[in-house]
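Here is a short briefing on aromatic rings, charges over rings and helix packing. Keep the structure open as you read.

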Amino acid sequence: MAAGGGTKAIVAALAANLTIAVLKFIAFFLTASSSMLAEAIHSVADSGNQLLLLVGGKRAKRAASPEHPFGYGRERYIYAFIVSIVLFSVGGLFALYEAWEKFQHPHGIEGDFWWVPLAVLVGAILAESFSFRTAIIESNHIRGKQSWVKFVRNAKQPELPVILLEDFGALLGLLFALFGVSMTLATGNGVWDALGTAMIGLLLVAIAVILAVETKSLLLGESATKEDVQRITEALEADGTRIIHLKTLHLGPEELLVAAKISMGASETGQEIAKGIDDAEQRIRAAVPIARVIYLEPDIVRVQAPGLG
């Protein structure tokens with residue numbers, strides 16, 4: 001569900017951004033509004049980012065190879081990190097540069113097409129709202145009772161948090177652009193247009209930094225959630241097995257590695273130990289289906305006699 005929901009949200013965002021980008025460029029060519037240009041580049045960057053997420057999702061499905069025995073699941077994290085770089089450079093830095101240029105040479109919005117930016121921005125807000133609504137609905141399938149902040153920070157599937165932040169940033173950016181254009185039309189002073197552009201740039205840079213920080217953590221390798229660790233622990237201990245130590249690692253959004261050293265009785269035969277490990281693996285997979293790779297090492301816990309050592 002998570003992967004399908006993420007793809008659905010990406011496609012909805014891509015369709016909205018491609019349409020909006022064309023309309024924003026038309027509005028810019030007709031009015032020379034820097035806010036409209038910044039928003040147009042923003043939509044182009046977002047469209048490219050959604051394509052990157054789709055490519056990452058497809059490449060992550062490749063079968064494991066001798067060079068990559070644990071598969072390619074982390075490709076989704078790599079492409080999500082690239083998204084943050086694109087959003088920072090193409091979106092944020094370009095908008096700040098355009099704002100600086102407009103502050104140096106401010107001019108109002110004149111001519112018969114003064115109304116075009118307003119119409120485009122209102123239409124874009126409606127389209128982005130639909131895209132944002134789709135992302136929220138799909139995220140709610142896996143968010144549970146987490147707050148939105150915790151969901152973005154803890155999600156192992158990078159696509160939905162990326163789309164959520166992009167759509168949220170797009171809506172805020174459109175409001176900033178609407179503010180800048182409206183004030184420029186009302187006062188005839190292009191400084192307002194430059195201010196709206198600068199606000200868009202700062203917003204995109206902030207979102208890009210948040211995405212980069214969160215995706216970096218996934219790239220480095222995150223453990224299972226506390227809830228999944230608890231389920232794995234309970235599954236292992238269900239037959240009285242004692243856990244000496246337990247480690248987990250996400251090989252991808254839907255693939256978890258579990259490694260544990262567990263206690264076995266000193267008198268158990270090799271056949272009994274093998275059956276105990278097989279049973280434990282079955283319980284773990286039943287409790288946490290994404291636990292695809294499991295390594296269990298049997299050991300004997302030696303109890304030290306009182307008074308010794």
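Which residue has its charged end over the ring of Tyr72? It is Arg62, and the charged end sits 3.9 Å from the ring centre. Bear in mind that this is a predicted model.

**Charges over rings**
- The charged end of Arg62 sits over the ring of Tyr72.
- Arg143 lies over the face of Trp148. The distance from the ring centre is 3.9 Å.

**Aromatic pairs**
- A pair of aromatic rings is described by two things: the distance of the centres and the angle of the planes.
- The count comes to five aromatic pairs.
- One of them joins Phe28 and Phe29. Their centres are 5.4 Å apart, with 55° between the planes. This pair is tilted.
- Phe29 has a relative accessible area of 64%. The cut-off for exposed is over 50%, so Phe29 is exposed.
- Ring pairs also link Phe25, Phe28 and Phe29 into a cluster.

**A pair between two helices**
- Phe179 and Trp192 form an edge-to-face pair. Their centres are 5.6 Å apart, and the planes are at 85°.
- Phe179 lies in helix H6 (residues 159–187), while Trp192 lies in helix H7 (residues 191–220). The pair therefore ties together parts that are 13 residues apart in sequence.
- Phe179 is partly exposed, with a relative accessible area of 33%.
- Trp192 is partly exposed too, at 28%.

**Helix H2 and helix H6**
- Helix H2 spans residues 34–59. Its axis comes within 10 Å of the H6 axis, and the two cross at roughly 170°.
- Angles over 145 degrees count as roughly antiparallel, so H2 and H6 are roughly antiparallel to each other.
- On the H2 side, the contact includes Ser35, His42 and Leu53. On the H6 side, Val162, Gly169 and Val181 are among the residues involved.
- The residues of this contact divide into seven nonpolar, six polar and four charged.

**Helix H2 and helix H3**
- Helix H3 covers residues 75–104. The axes of H2 and H3 come within 9 Å and cross at roughly 170°.
- That angle makes H2 roughly antiparallel to H3.
- The contact of H2 with H3 has 16 nonpolar, five polar and six charged residues.

Conventions: Residues are numbered from 1 along each chain as its sequence is written. This is a predicted model: local features need pLDDT of at least 70, side-chain atom pairs count only at pLDDT 80 or more; totals for chains, interfaces and linings use all residues. Side-chain values use heavy atoms; hydrogens and water are left out. Rings of Phe, Tyr and Trp (its six-membered ring) pair if their centres lie within 6.5 Å; planes under 30 degrees apart count as stacked, over 60 as edge-to-face and the rest as tilted. Buried means under 20% relative accessible area, exposed over 50%, partly exposed in between (1.4 Å probe, protein chains only). Helices (H or I, at least four residues) and strands (E, at least two) are DSSP runs, numbered from the N terminus. A charge sits over a ring if NZ of Lys or CZ of Arg is within 6 Å of the ring centre and within 35 degrees of the ring normal. Axes are lines fitted to C-alpha atoms, for helices over the stretch in contact, and angles run from 0 to 180 degrees between N-to-C directions. Angles under 35 degrees count as roughly parallel, over 145 as roughly antiparallel, 65 to 115 as roughly perpendicular and the rest as oblique. Contact means heavy atoms within 4.5 Å. Ala, Val, Leu, Ile, Met, Phe, Trp, Tyr, Cys and Pro count as nonpolar, Asp, Glu, Lys and Arg as charged, and the others, Gly among them, as polar.
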